[in-house]
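The tour goes stop by stop.

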Amino acid sequence: MADDTKLGGELETAPDLVKLEHEVLAFWKERGCFDQLREKNRQGPVFRFLDGPITANNPMGVHHAWGRSYKDLYNRFWTMRGRKLRYQNGFDCQGLWIEVEVEKELALGSKRDIEALGVDRFVEMCKERVRRFAAVQTQQSIRLGQWMRWDDSYHTMSDENNYTIWAFLKKVWEKGWLYKGKDAMPWCPRCGTGISQHEIVTEGYQDLTHTSIFVRFPLLDRADEALLVWTTTPWTLTSNVAAAVHPDLTY
């Protein structure tokens, strides 16, 4: 595709799409199209787009490719309108699932196995997995045709990122905004840690208000006496045959 004449002409009846994609990528690289476009818009108004970092834990899946295609589409749209973009990709380097994958590689069964291995060694192996798959995902994204300044990708495990977070927490503490409290959250006994909202199925969850259901459960050996029961699962009432209670325990 280095020859301009190949950019036009008749369409093949059975085009080799993979070959065509590689030719387009080679054309962009040979002509420096991405760098030329950034230079063209260097003095233009800014369109701010910060790429939400993809977790560098495995090769990209089709859902990642789908999302990145949308992101690249928006970037190209605003670039075509003369906007200056940051074009910085990111990689999420922390996460429970990175640790879990490393545990699988090492055949570790519990957190005690990690302590026996050495926490410092385990952390470094997690970082190595991130570096390995960040490189894989970068090549996949380039193959996808996404335009980014790949040599300037940010990593959440970087010292710059961690020092910035610590500095922010220090300011929060100095202003008296940091406090110790209690919260209810899911807990994984195997992993020995709390589970974040992004690691459980919460899509579509809504807070709803319903009329409460109160039912009397008659006591078989006490005439005219019953247990007053409140339930949030009325569909189980047809199958209930007993109630478990304790005189000294409040439910």
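Is phenylalanine 77 buried, partly exposed or exposed? Select it: its relative accessibility is 39%, so phenylalanine 77 counts as partly exposed. The classes are buried, under 20% relative accessible area; exposed, over 50%; and partly exposed, in between (1.4 Å probe, protein chains only).

A word on the model. It is predicted, so local features need pLDDT of at least 70 and side-chain atom pairs pLDDT 80 or more, while totals for chains, interfaces and linings use all residues. Residues are numbered from 1 along each chain as its sequence is written, and side-chain values use heavy atoms, without hydrogens and water.

Phenylalanine 77 and tryptophan 78 make an edge-to-face aromatic pair, 5.2 Å centre to centre with 80° between the planes. Rings of Phe, Tyr and Trp (its six-membered ring) pair with centres within 6.5 Å; planes under 30 degrees apart are stacked, over 60 edge-to-face, the rest tilted.

Next, select Trp28, Phe34, Tyr87 and Trp147. Ring pairs link them into a cluster. Now show arginine 76: it lies over the face of tryptophan 147, 4.3 Å from the ring centre. The rule asks for CZ of Arg or NZ of Lys within 6 Å of the ring centre and within 35 degrees of the ring normal.

Last, go to helix H4, residues 96-106. Helices are DSSP runs (H or I) of at least four residues, and strands (E) of at least two, numbered from the N terminus. The buried residues of H4 are Leu96, Ile98, Val100, Val102 and Glu103. Just after H4, alanine 107 has a positive phi of about 60°.
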